[in-house]
Each structure stands twice: as C-alpha cells, then as structure tokens.
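Here's a quick tour of one chain, going from a single residue out to the whole fold. Keep the structure open while you read.

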Amino acid sequence: MLKEIHEQPESLRSTIVPRIKNKQLPDFSTDEIPDQVFDNVNRIVIAACGTAMHAGLVGKVMMEKLLRIPVTVEIASEFRYQDPIIDKNTLLITISQSGETADTLAALRLANKHQAKTLSIVNVKGSSIARESDYVLYTHAGPEIAVASTKAYTAQLSCLYLVAYHFALIKGTISETDCMRQIEELQSVIPAVEKTLTLADDINKICETLAEKEDLFFIGRGLDYALSCEGSIKLKEISYIHSEAYAAGELKHGTLSLVTEGIPVIALATQSNVYNKMISNIREVRAREALVILITNGDSEVDSSIYDYHIALPKLSDNMAPFTTAVVLQLLAYYTSVHRGLNVDQPRNLAKSVTVE
Ligand code: M6R
C-alpha cells in the first residue's frame with residue numbers, strides 16, 4: 001500500500017498528461033470518445049462502490065459546478081434494485097478500479113437496457129465494465145494490489161475532472177481561457193502530491209496516538225465532506241478502528257453527543273467558501289474536549305488552541321485540494337494500521353475485487 005501511495009505522482013501524470021493537447025485543453029480523441037457523447041445529456045448518474053463511489057462524490061461537486069446539470073451519485077448495489085429514472089439523455093458514468101465489481105457491472109447493464117449513454121472510468125484494461133460500456137476512459141494507475149485503493153482513487157478523480165472540463169467546454173459553460181487555467185491547476189497537483197508525500201514522517205507520529213483509539217470522526221464540508229467519506233473507509237478497512245464521516249454542519253443534529261474527551265476528530269478545512277463555518281464546527285467539538293487533527297490547504301493562520309495537530313497541505317486552488325488531502329488520509333490510515341501491528345495489504349474479511357454480490 002505504501003508503495004502504491006508513493007506512486008501517485010506518476011499515476012496522475014500518466015492519466016492526465018496524454019489527455020491534454022492543443023492549447024492545453026482536454027482532448028479525448030485517443031480514447032475514441034467523440035464530443036457527440038455529450039449531446040443532449042441533461043443528467044449524469046455516477047454509479048460505483050466503496051472508494052470508487054467516493055471519487056464519484058467529488059466528481060458530482062465538480063460537474064455540477066462546471067456543467068450546471070444535475071448529477072447524482074448512486075451506490076451501485078442500491079441502484080441496481082431500484083427503478084431508476086434514466087433514459088437516452090442520461091449519461092451513466094461507472095467508476096471501477098478492477099472493472100469487475102459485480103454491482104457496478106449490474107448498474108451498467110441496467111443503464112444499457114434503458115439506452116442511457118455509458119462511460120466508464122476503469123483501471124484494468126479489457127475488464128468486463130470496460131467492454132460493456134459505450135466509452136471508456138482508462139485510469140493509467142498501473143496494477144493496484146493492496147486491498148485499500150489509493151492510486152486508483154486519485155487517478156479516478158483526475159479523470160472525473162477531465163470529463164467535467166471537457167464537457168463544460170463543449171457545452172460552453174466554461175471559456176477556453178478559464179479551462180486552460182484550470183487545466184494548468186490540475187497539472188500542478190502532480191508536484192503538490194509529491195510534496196505532500198514528504199509529510200509522511202509527521203503523519204506517522206500522529207498515528208501513534210490514533211492507533212490507541214477505537215472510534216473517531218472525520219468532518220468536512222463540500223469537497224471536504226466527500227474526502228471525509230474516503231478517509232473514513234480507508235481507516236476502517238485497514239486499521240479496524242470504527243469511524244464515521246460527517247458533514248460538519250450535521251454534527252449538532254445528533255452526532256455531537258458522541259464527541260467526548262479524547263475522541264479524535266479529523267477536521268478537513270481546505271475549502272475557503274466554508275472555512276469560517278468549519279472553524280466554528282471545530283470549536284464545537286473542541287468545547288467537548290475532542291482531540292482535533294486539523295488539515296488545511298496551505299499554512300493558514302489558525303488559532304492553535306483549536307487543534308492538537310495541524311497538517312498544512314501544499315497550497316493549491318480549492319478545487320484541487322482533494323488530491324493532496326487524499327494522500328494525507330491514505331497515510332493516516334496506513335501508519336495507524338502499522339502501529340496496530342495489522343496486515344495493511346490484506347485486511348481481514350475483504351477482497352481486492354468484489355465479483356460476487
Ligand atoms: O474495483 P472497484 O473500484 O470497483 O472496487 C470498488 C470497491 O470494492 C473498492 O473501492 C473498495 O471500497 C476498496 N477496498 C476501498 O479501499
């Protein structure tokens with residue numbers, strides 16, 4: 001897992017760079033995805049499982065922001081047994097590292113039956129999901145062996161961003177100049193992820209404390225909420241610590257009663273539009289004597305009385321912060337598991353590819 005975490009600058013480079021062509025704009029011609037795929041699309045449905053579904057949560061925020069059309073993220077195992085409202089004007093995006101996840105494949109087949117357009121973001125070449133989709137955008141993450149998905153997740157994010165930018169250009173909801181600027185920002189993620197990896201030793205030290213805990217919370221708003229979901233699953237699956245991801249504003253509607261002295265709260269505060277709201281939420285948990293691990297985008301000046309540990313990410317635009325945040329969350333899960341003496345790569349009860357229901 002550690003090897004795969006450290007491969008992320010390379011997997012991001014391989015996934016992003018070949019899709020940026022003339023004038024630094026997204027180009028899917030090598031992927032044989034014609035612009036017409038996006039004609040008449042009035043709704044996007046993203047269906048996936050686990051970490052791939054969490055990538056979809058980030059994709060939804062980015063796509064709705066850029067495209068101004070509704071995007072829903074569906075847990076594939078739920079979607080397949082509902083009676084989904086999809087038709088030929090729906091674009092169904094499935095996301096899967098293995099390309100063989102049974103529920104995701106079933107969601108894709110259901111969409112095909114309803115004549116929706118289907119686009120898959122898949123890592124394994126020639127896998128079932130890739131074969132049965134109208135179009136495929138491969139993540140070039142290379143083989144991912146550890147059960148916990150890491151480099152596939154960030155590569156999936158980069159593909160979702162590229163789809164959002166490309167589609168927005170075609171729809172005319174973004175100008176070429178703005179798109180070029182954002183594509184430049186997307187490329188700046190690669191050195192920023194490299195820099196984030198140098199925080200590994202600091203993160204390792206924090207994990208000595210986390211390894212002794214049995215429950216913890218991840219909180220965030222907007223993109224940070226989507227990342228909280230991913231941080232929580234990553235920690236659970238390899239450290240066996242119970243954790244929950246909460247949209248920070250929801251805490252006081254019930255969950256705050258569980259926040260007591262010494263409970264770790266990993267607070268993601270990378271989004272400037274909700275930064276002050278997040279700080280208020282952190283004060284709420286701090287008042288209950290939670291152990292706060294604060295993650296910010298850049299080294300913003302924060303009142304040091306509200307946290308125990310502060311991880312300052314290399315400064316990126318708000319939209320790009322998910323990439324560096326993801327790396328920190330992966331390292332937190334990894335080192336916590338190591339401190340608990342567990343098998344990081346093959347956690348109990350889990351398989352890398354879930355090909356049965
Ligand atoms: O191969 P897939 O991406 O379709 O797999 C989906 C999930 O099973 C997978 O992401 C799982 O949640 C990971 N073990 C999480 O790290």
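## A threonine in a helix

Let's start with Thr154, which sits in helix α7 (residues 151-171). Helices here are DSSP runs of H or I with at least four residues, strands are runs of E with at least two, and both are numbered from the N terminus. Before going on, note that this is a predicted model, where local features need pLDDT of at least 70, side-chain atom pairs count only at pLDDT 80 or more, and totals for chains, interfaces and linings use all residues. Residues are numbered from 1 along each chain as its sequence is written, and side-chain values use heavy atoms, with hydrogens and water left out.

Is Thr154 buried or exposed? Its relative accessibility is 1%, so Thr154 counts as buried. (Buried means under 20% relative accessible area, exposed over 50%, and partly exposed in between, with a 1.4 Å probe and protein chains only.)

## Who Thr154 touches

Setting aside neighbours within four places in sequence, Thr154 is in contact with Gln8, Leu12, Phe323, Ala326 and Gln330; contact means heavy atoms within 4.5 Å. With Gln8 there's also a side-chain to side-chain polar contact of 2.7 Å. A polar contact is a pair of N or O atoms within 3.5 Å; within protein, one must be able to donate a hydrogen and the other to accept it, and residues adjacent in sequence count only if both atoms are side-chain atoms.

## The sheet

Now for an open sheet: five strands, parallel in their pairing, run in the order β4-β3-β5-β6-β7. Strands pair if DSSP finds at least two bridges between them. At the edges are β4 (71-75) and β7 (135-138), each pairing on one side only. From one strand to the next, the twist averages 20°. Angles run from 0 to 180 degrees between N-to-C directions, and axes are lines fitted to C-alpha atoms, for helices over the stretch in contact.

Five parallel bridges link β3 (residues 43-48) with β5 (residues 90-96), and Arg43 stands opposite Thr90 in β5. Helix α5 (residues 102-113) packs on the sheet and touches β3, β5 and β6 (117-122), its direction making about 165° with that of β5.

## The whole chain

Zooming out, the chain has twelve helices and twelve strands. Its C-alpha atoms fill a box of roughly 55 × 45 × 40 Å along the principal axes. Of the 357 residues, 58% count as buried. Among contacts with a separation of 6 or more, 75% come from residues 24 or more positions apart.
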